[in-house]
Amino acid sequence: MSKWICSLSDHEMMVCDYLGKLRCKTAKDDDSTDDTGIHKSYSEREKQNIIACMGELAVSKMLNANWSAMHWMKPDVGGYIEVRSVTEDWHNLIARQPDKDSSPMVLVLVENNICMAKGWDFVSNLREKGIYSDGKGLPYWRTTKDHEFRDMNELLKRHLNYQKRLNNFD
C-alpha cells in the first residue's frame with residue numbers, strides 16, 4: 001500500500017465519528033447550506049464533519065504530524081496544512097476566503113475507512129489558477145479538471161524542514 005493511502009483503525013473511526021459530531025454540534029458557523037446555496041440537513045453536515053476528521057487524521061498519520069482536531073479556523077495538520085476531504089473522485093480542491101495564501105492544502109479521497117491523498121497545492125495557486133465562484137455570497141476557488149497537484153513527497157520534505165526549523169535542529 002502506498003504511503004499516501006491510509007487505512008483508519010476502528011478506534012480511529014470512532015474518534016472521527018465522535019469529533020465530527022461534536023464539531024457539528026458546536027459549530028460557530030451554523031450555516032446549513034453549502035457554497036452553492038444548497039440546503040444541508042444536520043445529518044448531512046454531521047457526515048461532512050466526520051469525513052473531514054477522517055481526512056485530517058489520515059494526513060496527520062501520513063506526515064507524522066499533529067492534528068488540530070477541534071481548533072476553529074486554525075490549520076488542520078502540523079500547524080499550517082489545510083485538508084479538504086471528498087467522497088467522490090471527481091470533486092475539486094476548494095479554497096475559501098479565510099484560507100491563507102501560503103498554506104499548503106491537501107485533497108483527500110475518503111472511501112469507508114481508506115483515505116488517499118490525491119496531492120496538494122498552495123492556496124495562492126488555487127486562487128490564481130482555479131475557478132472563482134461567489135455562490136451565495138460564500139466565495140471560494142476550486143481546481144479545474146486538469147489541475148496538476150504537487151507530489152505528496154514534496155509536502156513531506158517541506159514538513160520535515162518545518163519541524164527542523166521549529167525545533168532548531170541542524
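W141 is buried, because its relative accessibility is 12% and the cut-off for buried is under 20%. Bear in mind that this is a predicted model. What lies over the face of W141? That is R127, at 4.6 Å from the ring centre.

Now the aromatic pairs. W120 pairs with F122 in an edge-to-face arrangement, with 5.0 Å centre to centre and 80 degrees between the planes. Are these two residues buried or exposed? W120 has 0% relative accessibility, so W120 is buried. F122 is at 15%, and therefore F122 counts as buried too.

The other pair brings us back to W141, whose partner is Y132. Here the rings are tilted, at 5.2 Å centre to centre and 50 degrees between the planes. Y132 has a relative accessible area of 47%, so Y132 is partly exposed, whereas W141, as I said, is buried. So W141 has Y132 as a ring partner and R127 over its face, and W141 counts as buried because its relative accessibility is 12%.

On to the cysteines. How many disulfides does the structure hold? The count is 0. Take C53, which is in no disulfide. Its nearest cysteine sulfur belongs to C16 and is 5.5 Å away. A disulfide would need the two sulfur atoms within 2.5 Å. C53 is buried, because its relative accessibility is 0%. C24 is buried as well, at 3%.

Technical notes. Residues are numbered from 1 along each chain as its sequence is written. This is a predicted model: local features need pLDDT of at least 70, side-chain atom pairs count only at pLDDT 80 or more; totals for chains, interfaces and linings use all residues. Side-chain values use heavy atoms; hydrogens and water are left out. Rings of Phe, Tyr and Trp (its six-membered ring) pair if their centres lie within 6.5 Å; planes under 30 degrees apart count as stacked, over 60 as edge-to-face and the rest as tilted. Buried means under 20% relative accessible area, exposed over 50%, partly exposed in between (1.4 Å probe, protein chains only). A charge sits over a ring if NZ of Lys or CZ of Arg is within 6 Å of the ring centre and within 35 degrees of the ring normal.
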